[in-house]
Amino acid sequence: MSLSHGQKSNHVAELDAVVIGAGFSGLYTLHRLREMGYKTRVIEAGNGVGGTWYWNRYPGARCDIESIYYNYTFSDEILNEWTWSSRYAPQPEILQYANFVADKLDLRRDIQFNTKVVSAHYNEDHNRWDIETDDGVKLSAKHLIAAVGCLSVSNVPNFKGIENFEGEWYHTGRWPHEEVSFKGKRVGVIGTGSSGIQAIPVIAEEAEHLTVFQRTPQYSIPARNEALDPEYVKQIRANYSEIRKKMRESAHGVPFGPRERSALDDPPEVRQKLFEEAWEKGGLFSLSYNYNDLGLNEEANKTAADFVRSKIREIVKDPETADKLMPTYYIGTKRQIIDTNYYETYNRDNVSLIDIKKAPIEEITAKGIRTADKEYELDAIVFATGFDAMTGPLFKIDLRGRGGVSLKEKWAGGANLRTYLGISTAGFPNFFMITGPESPSVLSNMMVSIEQHVEWITDCIDYLHKNNQASIEANPDAEATWSKHVRDVAEVTLAVKTDSWYMGANIEGKPRGFMAYLGGVGTYRQKCTEVQEKGYEGFTLLSTSNTAK
Ligand code: FAD
Ligand code: NAP
């Protein structure tokens, strides 16, 4: 039985570990710690497991990493018992998978749903975390693990007048559980990131009219989603240990990588042929993995960008609309988007595209959206406006380490992001982040990064316990070296030249800086393993005998 919201008592539950969040990160952490014998509780704001896949129920939501790789790999039993329906499974199926795992591992009895962690303060007298939830429950834990997700705080821009809108409005990342019907309605979608681009073609099929409010045009590549052939699934299953190894050693957490060749080494006709094949094959890496310098060299990047621009022009019939859809940033420097019929949707009579860079949104009115040009009357507005990524969910919690210093203060709201390996930060003993800032996280197949972090963190906790260590804390110099390395790696790429959510540029007032580690999943794993093998090099461990008061 799970603990429910509102079970209040003055009693402070004493735990070995508290995990915040019951998405894929939190679920695996709970399983692993429990298997090791540690008393663990997960606190989850939602009313169910699955995190991203619990909250993002918008039309068209599905994964962009092929489903056969976007799942847990730690258990052969789970791998063999679950079969995905299609190349990119839809959100309800991924949510079903999270529930299947939670049931199979009997996880729910240690998860408290409908509850938010509001504060967590490190108690230096006891070397423990004092944790408080929004229903007033107090917990004390030796270890605190943030499994809060990188994309769990929805960004609803502060448009003037939103409270006056007489229709319904939704954010893709907080979609209602009840069915939303757009039949016969005039719908506006603000935002053309991955969420918008998945939702737009589906909403267009149902709505009377769809108006898309676009700020930045995007490069999108066909997903070419299809049902999975049982023979292919059989083959994958038979080779999964090899696949798992390749994913772990790869750049982005998939069992293949870019060709070791510059785009400028091939003559235009060869490049064109390869790009055409990639377009037909579809998928997140099909185009970019043709060459190894698209993210590094402007001229190389332009070859792929020009190719996608030519495809947009080929697909979209109205030349004026095609012009508005032309992306200009360096391709691949925002998360690559894959779609089903996105550009084709603009050939429909019931769809219009508004360029809000040219005529910005000035106000949400009672009747719809007013831009600098005109007012658009709408019955419903969909905000596909993304997330306050990576630091957002951490800063929502009043998280304080040694000396009562808050994480937000320490990181100067993000302007001075400092972590050691993206897992920990100096001044915050026994605090761990899963897929935290300055780790590969959002640049990878997140399942691979999640498993690696969960395994590293839980092994570390077990090591501390077995070696009578009261705490572990990152050293400021190790942290400074790692953070500098993360910035140095980013600086040589084109990624830092684009305004993206990786850079914090999507949130008004958020400091700019590349928040993830671009060095690759395999290289990063090696570094983490090395630190562990050298007795947690770069960390200070405090023995239990030195803490007796
Ligand atoms: P989440 O799934 O975000 O779970 C975090 C949980 O923590 C949430 O349920 C949240 O409610 C809870 N929480 C946060 N703060 C608190 C608090 N203070 N108190 C209590 N609970 C709290 N990645 C890929 O690799 N491939 C994909 O195809 C892919 N598709 C995506 C599609 C969408 C629409 C989005 C938004 C993201 C996608 N991602 C994808 C990234 C995705 O977030 C990760 O793959 C993965 O699901 C993250 O799992 P998680 O457990 O780390 O975080
Ligand atoms: P996003 O990529 O940040 O896109 C948000 C969109 O809203 C952008 O077009 C942005 O324009 C626009 N926007 C933001 N603020 C605005 C404002 N004030 N006025 C007008 N427009 C505004 O968010 P997302 O689409 O939700 O995707 C976030 C990430 O989640 C993805 O990159 C991906 O990692 C993950 N995701 C994956 C999938 C998948 O395919 N599996 C699906 C959804 C999400 P600008 O570009 O100009 O900022």
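Quick ground rules before I go on. This is a predicted model, where local features need pLDDT of at least 70 and side-chain atom pairs count only at pLDDT 80 or more, while totals for chains, interfaces and linings use all residues. Residues are numbered from 1 along each chain as its sequence is written, chains are lettered from A and ligands numbered from 1 in the order in which they are written, and side-chain values use heavy atoms, with hydrogens and water left out.

Okay, let's stay with ligand 2. There are 24 residues around it, and the nearest are Arg62, Thr192, Ser195, Arg215 and Thr216; "around" here means that a heavy atom of the residue lies within 4 Å. On its own, ligand 2 exposes 910 Å², and the protein buries 88% of that. Those areas come from the Shrake-Rupley method with a 1.4 Å probe; for residues, only the protein chains shown count as cover.

Who contributes to that shell? Helix α5, residues 194-206, gives the most, with three residues. Helices here are DSSP runs of H or I with at least four residues, strands are runs of E with at least two, and both are numbered from the N terminus. By class, the shell of ligand 2 splits into ten nonpolar, nine polar and five charged residues. For the classes, Ala, Val, Leu, Ile, Met, Phe, Trp, Tyr, Cys and Pro are nonpolar, Asp, Glu, Lys and Arg are charged, and the others, Gly among them, are polar.

Now over to ligand 1. It is surrounded by 34 residues, with Ser25, Glu44, Thr52, Asp64 and Tyr70 the closest. Serine 25 has a polar side-chain atom 2.6 Å from an oxygen atom of the ligand. The side chain of tyrosine 70 also puts an N or O atom 2.6 Å from a ligand 1 oxygen, and for tryptophan 55 the side-chain N or O atom is 3.1 Å from an oxygen of ligand 1. Taken alone, this ligand exposes 970 Å², of which the protein buries 94%. The elements that give two or more residues to its shell are α1 (24-36), α2 (52-55) and α14 (446-466), and α2 gives the most, with three. The classes here come out as 18 nonpolar, twelve polar and four charged residues.

On to the sheets. One is an open sheet of five strands in the order β7-β16-β8-β9-β12, paired in parallel. Two strands pair if DSSP finds at least two bridges between them. At the edges stand β7 (168-171) and β12 (351-355), each with a single partner strand, so one side of each has no neighbour in the sheet. Further in, β8 (186-190) and β9 (209-214) pair in the parallel sense over five bridges, and valine 187 stands opposite leucine 210 in β9.

Then there's an open sheet of three strands, β13-β14-β15, with antiparallel pairing. Its edge strands are β13 (361-364) and β15 (375-377), each pairing on one side only. Three bridges join β13 to β14, residues 368-371, and a hairpin links the two through three residues. In that pair, isoleucine 361 has threonine 371 as its bridge partner. β14 and β15 are likewise joined by three bridges, with a hairpin of three residues between them. There, isoleucine 369 stands opposite tyrosine 376 in β15.

Last stop: is glycine 436 buried or exposed? It's buried, with a relative accessible area of 4%; buried means under 20%, exposed over 50%, and partly exposed in between, with a 1.4 Å probe and protein chains only. You'll find glycine 436 in the loop between β18 (431-433) and α14.

Conventions
A polar contact is a pair of N or O atoms within 3.5 Å; within protein, one must be able to donate a hydrogen and the other to accept it, and residues adjacent in sequence count only if both atoms are side-chain atoms.
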